[in-house]
Amino acid sequence: MNRINVKGVIIGGLVAGLVLNVVDYLVYGVWLAPDMAAALQAAGKKPIDSLIPLFILLDFVYGIALVQLYAAIRPRFGPGPNTATKAGIFVWVLISLLHAIGEAPMGLLPMRLYVLGTIVGLIEFPLAAVAGAKFYRET
């Protein structure tokens with residue numbers, strides 16, 4: 001079994017992180033921005049504008065993790081978009097689905113935002129994994 005190509009993981013991970021950042025900007029910065037602002041105001045919280053650099057960084061970290069997982073499971077499942085999709089769905093479960101299941105019952109945000117965010121995640125994580133996997137090659 002070959003070693004994981006770290007350079008390929010980083011390059012592919014940055015591509016995947018870029019995809020995540022673009023989708024998150026369109027969803028949370030444009031489409032759901034008024035809903036998020038209203039929900040935070042209703043909860044007595046400040047706008048999250050100061051946290052945007054953290055969210056950008058996290059998306060790149062998630063992208064690198066996606067491609068690292070893809071590289072790790074690639075020998076068992078084979079290279080290509082099907083394996084990348086499996087990696088994306090696994091990461092979606094860990095990051096998006098379980099987070100929503102754990103936080104939604106606290107009522108911090110309206111249920112609609114949790115549901116929409118989880119559905120978007122189900123699309124964006126596999127999409128980002130496939131995009132990042134295109135840039136990953138074994139050494």
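**How α5 packs against its neighbours**

α4 and α5 are roughly antiparallel to each other, because their axes cross at roughly 155°, and an angle over 145 degrees counts as roughly antiparallel. Those two axes come within 7 Å, and α4 passes α5 in a right-handed crossing. On the α4 side, the contact is made by Pro81, Ala84, Thr85, Gly88, Ile89, Val91, Trp92, Ile95, Ser96, Leu97, Ala100 and Glu103. Facing them from α5 are Tyr114, Gly117, Thr118, Gly121, Leu122, Phe125, Pro126, Ala129, Val130 and Ala133. Sorted by class, the residues of this contact come out as 15 nonpolar, six polar and one charged.

Let's step back for a moment to see where that pair sits. This is a predicted model, and the protein has five helices and zero strands, so to speak a plain α-α-α-α-α pattern when read along the sequence. Its C-alpha atoms fill a box of roughly 55 × 25 × 20 Å along the principal axes.

Now for the other partner of α5. The axes of α1 and α5 come within 8 Å and cross at roughly 155°, and α1 and α5 are therefore roughly antiparallel to each other. This crossing is right-handed. From α1, the residues that make the contact are Gly12, Val15, Ala16, Val19, Leu20, Val23, Asp24, Val27, Tyr28 and Trp31. From α5 come Leu116, Gly117, Val120, Glu124, Phe125, Leu127, Ala128, Ala131 and Gly132. By class, that makes 14 nonpolar, three polar and two charged residues.

The crossing is right-handed. α3 brings Tyr62, Leu66, Leu69, Tyr70, Ile73, Arg74 and Phe77 to the contact, while α4 brings Thr83, Ala84, Lys86, Ala87, Gly88, Phe90, Val91 and Ile95. They divide into eleven nonpolar, two polar and two charged.

The last stop is the largest pocket, with a volume of about 1,400 Å³. It is lined by 38 residues, and the closest to its centre are Asp24, Tyr28, Met36, Ile48 and Phe55. The elements that give two or more residues to the lining are α1 (6-31), α2 (33-42), α3, α4 and α5 (111-133). Here α5 comes up again, with the largest share of the lining, seven residues. Overall, the lining divides into 23 nonpolar, eight polar and seven charged residues.

Methods. Residues numbered from 1 in each chain as written. Predicted model: local features only at pLDDT ≥ 70, side-chain atom pairs only at ≥ 80, totals over all residues. Heavy atoms only, no water. Left-handed = near helix turned anticlockwise from the far one by under 90°. Helix = DSSP H or I, 4+ residues; strand = E, 2+ residues; numbered from the N terminus. Contact = heavy atoms within 4.5 Å. Nonpolar A, V, L, I, M, F, W, Y, C, P; charged D, E, K, R; others polar. 1 Å grid on protein atoms, 1.4 Å probe; cavity = no way out; pocket = protein on both sides within 12 Å on 5 of 7 lines; lining within 4 Å. Points joined across faces, edges and corners; volume = space filled by probe spheres on them. Axes fitted to C-alpha atoms, helices over the stretch in contact; angles between N-to-C directions. Parallel < 35°, antiparallel > 145°, perpendicular 65-115°, else oblique.
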